[in-house]
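Please look over the sequence and the model below before reading on. The briefing that follows is grouped by topic.

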Amino acid sequence: MPRELLILRHAKSDWDSGAKSDFARPLAKRGNKDAVRMGAWLYREGLVPDLVISSPAERARQTTQAVCKGLDYKRKAVILDKAIYEATPEDLLQVLAGLPTDAKTVLLVGHNPGLELLLDHLVGDDMEAPDDGKVLPTAALARLDMPNDWSDLTEGCAQLVSLTRPKTLRGD
């Protein structure tokens with residue numbers, strides 16, 4: 001069964017929000033717009049996930065909510081997993097290994113550097129860094145073709161289909 005993994009870095013956060021912790025930092029106005037834009041784009045592209053799993057950190061949770069609204073995906077169905085916050089690639093591989101076997105398209109929303117390191121592990125040497133060196137800037141989405149078994153994700157096992165940044169969608 002073909003599988004896809006959509007890796008989405010949370011949208012731009014508001015560093016001046018006065019949040020009491022990194023975990024509580026919300027989205028900036030631009031971040032919310034970018035998250036809405038990415039959700040609408042995913043819907044238009046027919047990339048509606050079977051499963052959405054997100055970090056529970058405020059900025060990731062808000063990103064997930066805005067994207068899911070554009071996808072017409074029920075917020076109650078989103079899985080918030082503490083293991084995604086401040087995750088290493090190994091932590092994220094464990095999260096993916098725990099996915100239901102019938103999940104075909106999964107949206108994973110989280111943070112750098114963990115997401116970029118996971119992407120590097122999954123794609124291996126096939127990925128070229130963009131000119132600016134930022135593989136997953138805020139609200140960027142990596143689309144990967146995945147192997148059939150979520151629990152057997154060896155280095156280089158996936159194929160990068162696309163990297164999409166919200167700034168490339170601004171004309172939408």
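This is a predicted model: local features need pLDDT of at least 70, side-chain atom pairs count only at pLDDT 80 or more; totals for chains, interfaces and linings use all residues.

**Helix H2**

- Helix H2 is made up of 14 residues, 58–71, and its span from the first C-alpha to the last is 20 Å, which is close to the 20 Å expected at 1.5 Å a residue.
- The buried residues of H2 are Arg59, Ala60, Thr63, Thr64, Ala66, Val67, Cys68 and Leu71, and among the elements that cover them are strand S1 (3–9), helix H1 (29–44), strand S2 (51–54) and strand S4 (105–110).
- Directly after H2 comes Asp72, whose phi is positive, at about 60°.

**The aromatic pair**

- The count of aromatic pairs comes to 1, and in this pair the ring centres of Phe23 and Tyr85 lie 5.0 Å apart with their planes at 85°, so the arrangement is edge-to-face, given that planes over 60 degrees apart fall in that class.
- Distant parts of the chain are linked by this pair, since Phe23 belongs to the loop between S1 and H1 while Tyr85 belongs to the loop between strand S3 (79–80) and helix H3 (89–97), 62 residues apart.
- Phe23 has a relative accessibility of 33% and therefore counts as partly exposed, whereas Tyr85, at 17%, counts as buried, the cut-off for buried being under 20%.

**A charge over a ring**

- Arg25 is placed over the face of Trp15, at 3.6 Å from the ring centre.

Technical notes:
Residues are numbered from 1 along each chain as its sequence is written. Side-chain values use heavy atoms; hydrogens and water are left out. Helices (H or I, at least four residues) and strands (E, at least two) are DSSP runs, numbered from the N terminus. The expected span of a helix is 1.5 Å times one less than its number of residues. Buried means under 20% relative accessible area, exposed over 50%, partly exposed in between (1.4 Å probe, protein chains only). Contact means heavy atoms within 4.5 Å. Rings of Phe, Tyr and Trp (its six-membered ring) pair if their centres lie within 6.5 Å; planes under 30 degrees apart count as stacked, over 60 as edge-to-face and the rest as tilted. A charge sits over a ring if NZ of Lys or CZ of Arg is within 6 Å of the ring centre and within 35 degrees of the ring normal.
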